[in-house]
Amino acid sequence: MAEEVRIVLRNADKIDPNNVDDYINAGGYQALEKVRGMDPKAVIEEVKKANVRGRGGAGFNAGLKWSFVPPADVKYVVCNLDEGEPGTYKDRTIVQKDPQTVLEGMAICGHAIGSKQGYIYCRGEYPYVVEQLNQAIDQAKAKGVLGDFDIEVRMGAGAYVCGEETALIESIEGHRGEPRFKPPFPGVEGLWAKPTVVNNVETFANLPEIINKGADWFASIGAPNYPGTKVLTLTGDVVNRVPIEVPTNTTIREVIYEFGGGIRNGRKFKAVQIGGTSGGFIPESLLDTPIDFDSMSSIGATLGTGAVFIMDDTRDIVDIVTRISKFFEHESCGKCNPCREGTFRCYEIMKKINRGAASAKDIDNIVLLARVMQKAALCGLGQAAPGPIMTTLQHFRHEYERKLV
Amino acid sequence: MANYRDIIASYQDKPGGIIEAYHALQEEFNYIPREAIDEVARVFGVSEAQAYGVATFYSYLSVEPRGKYIIRMCESAPCHVAGADEVIKAFENHLGIKVGETTADGKFTLELTQCIGQCQGIPVITINRVPYEGISPDQVPMILEKCK
Ligand SMILES: Cc1cc2nc3c(=O)[nH]c(=O)nc-3n(C[C@H](O)[C@H](O)[C@H](O)COP(=O)(O)O)c2cc1C
Ligand code: SF4
Ligand code: FES
């Protein structure tokens, strides 16, 4: 029986998340104390060596990202708590169960890159999390554990694209959340044109234990190319709809049948979509793939945020993908043509297929359109939007063909 | 009721505080009144078009008056398979309005939303930002009854 390994959620349900003393008694803020006695460059090296890759979806080595930050008078640390990817509730879970570990992680990053100001960008759907975080920050400040590192919480207002790091920065600056052209990358020119490190909640939450126990310890857990654990959130037709934290060499099958308890109502498995609504659909034949970033990419899927959306054999794949196309049509920010028009047309064609009015020619068109979007869209939203269409055409094509005229 | 000018003034020193100001305005008025947008533009030194552009970019912010109870149904894929369409139909039938509308007595507004991060409890609604999990159509009359 596969077992959970808890790094990020090590304190979950063991301490009172709203009491900083509980966190400190459980060994909290020792890592920050330790890095304060270290040369910032050595901290970056340690994090780089741990090979903790971004848990927000892109999978970039956090230490390597920090190493690109140039000298500057002001720098910022931004924690991405926008969590808009449907099926995902891990960052909320992490913060609700242990907010101090995220603050400590941010302060560790602050020391490493030489920043005194952190921001947490929390989605507007989580006002209660904003409250909890503000309380946690007040307590940490009152204890003096954060030293001269300050953290402010900003609230989003219901725009999925604001999870994209440059759109997020625009939003903190008080603008429409439209992504910027890259380069320059935020690490060089981000918030108010200052060097800014943006990392995901889960990435920050990994840092205290990496510092406490060392890079080699972390690097030895899970899959060698994407070490550590991943917090996954189970939803859909699975018995246990719960968050779990597992080593990254756990297979999809173990996630669904051992941690998830299998399919609800004694039904059979049809498909699983991992990584959120932009993730690929995965059929039964690929369930023995480990969940780590590279293994998932190798089967044309994604680890993404770690959302695990399970569908039983009664589900209509074309109908679900039509709904997903609506999501992207709604959330496209409209800045670039391939995505603004592309998501609109994808939804239009998917609706036509779904109501049984489309021909094989429409499928050819949507495939062509998908390729254009993947290549030409400005940000990850437009590039990833056709993923569900393409992967279901690959693995569940018969469900489309059944609906063609 | 607080003056919108005072609300806005309390955010003027916050860099990029427009969105925070809009949240506070909406908390007070349930939407962002036109005069307030003009005032935000003046205070934050941006054009009225820009201030309006920010207010209308975010789906959480509304520039139209809405009801006392804003009911939002998640329509993302996990909630969709769990029966979101039936729940929204039940709300429409009981309230006699369509999605996007407000009841004549100004009590209820019905909206769709994308995932609100409570996917352990699909299908999910929020009433004035508070999430409720595992909603079925037959619970709708009771839910509405509780909104006094
Ligand atoms: C459309 C879009 C939405 C995104 N949403 C999120 C999000 O909600 N949370 C997140 O951490 N990263 C999100 N990202 C990824 C961020 O741009 C960025 O890569 C990430 O925050 C970096 O942190 P990490 O390296 O620790 O993962 C999104 C990207 C795109 C293109
Ligand atoms: S790809 Fe879509 S979301 Fe991204 S910038 Fe272009 S229009 Fe906006
Ligand atoms: S999909 Fe509905 S709450 Fe997440």
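**Entry 1: chain A overall**

I began by noting that this is a predicted model. In chain A I found 18 helices and 11 strands. I then asked what radius of gyration chain A has. The value is 21 Å, and it agrees with the figure near 22 Å that a compact globule of 405 residues would have. Along the principal axes, the C-alpha atoms of chain A fill a box of roughly 70 × 50 × 35 Å.

Next I looked up burial, and 61% of the 405 residues in chain A count as buried. For contacts between residues at least 6 apart in sequence, 71% in chain A join residues at least 24 apart. I also checked charges: chain A carries 47 positive and 52 negative side chains, and the centres of these two sets lie 4 Å apart.

**Entry 2: Phe204 of chain A**

Phe204(A) belongs to helix α9 of chain A, residues 201-213. Beyond its neighbours within four places in sequence, Phe204(A) is in contact with several residues, among them Val77(A), Val78(A), Cys79(A), Met106(A) and Cys109(A). I also looked up a distance to Ala26(A), which is 178 residues away along the chain: the two C-alpha atoms are separated by 18 Å.

**Entry 3: chain B overall**

Chain B holds seven helices and four strands, and along the sequence I read them as α-α-α-α-β-α-α-β-β-β-α. The C-alpha box for chain B is roughly 50 × 30 × 20 Å along the principal axes. Of its 148 residues, 54% count as buried. Chain B exposes about 6,600 Å², and carbon and sulfur atoms supply 50% of that. In chain B, 59% of contacts between residues at least 6 apart in sequence join residues at least 24 apart. Its 13 positive and 20 negative charges have mean positions 3 Å apart.

**Entry 4: helix α2 of chain B**

How many of the 12 residues of α2(B) are buried? I found 10 of the 12, so α2(B) is largely enclosed by the rest of the structure. Among the buried ones are Ile18(B), Glu20(B), Tyr22(B), His23(B) and Phe29(B). I then asked what covers the buried residues of α2(B). The cover includes β3 (150-155) and α8 (165-172) of chain A, together with α1 (4-9), α3 (34-44) and α4 (48-57) of chain B. Helix α2(B) spans residues 18-29 and reaches 16 Å from first C-alpha to last, close to the expected 16 Å. Asn30(B) follows α2(B) with a positive phi, near 80 degrees.

In α3 of chain B I stopped at Glu39(B). Glu39(B) is buried, with a relative accessible area of 8%. Leaving aside neighbours within four places in sequence, Glu39(B) is in contact with Tyr4(B), Arg5(B) and Ile8(B).

**Entry 5: helix α6 of chain B**

My last stop was α6(B), residues 84-95, which reaches 17 Å from its first C-alpha to its last, close to the 16 Å expected. Its buried residues include Val87(B), Ile88(B), Phe91(B) and Leu95(B). The buried residues of α6(B) pack against β1, α5, β2, β3 and α7 of chain B. Gly96(B) comes after α6(B), and its phi is positive, near 70 degrees.

Methods:
Residues are numbered from 1 along each chain as its sequence is written. Chains are lettered from A and ligands numbered from 1 in the order in which they are written. Side-chain values use heavy atoms; hydrogens and water are left out. Helices (H or I, at least four residues) and strands (E, at least two) are DSSP runs, numbered from the N terminus. The radius of gyration is taken over C-alpha atoms; the globule rule is 2.2 Å times the number of residues to the power 0.38. Buried means under 20% relative accessible area, exposed over 50%, partly exposed in between (1.4 Å probe, protein chains only). Contact means heavy atoms within 4.5 Å. Lys and Arg count as positive and Asp and Glu as negative; His and the chain ends are not counted. The place of a charge is taken as NZ of Lys, CZ of Arg, CG of Asp or CD of Glu. The expected span of a helix is 1.5 Å times one less than its number of residues. Accessible areas come from the Shrake-Rupley method with a 1.4 Å probe; for residues, only the protein chains shown count as cover.
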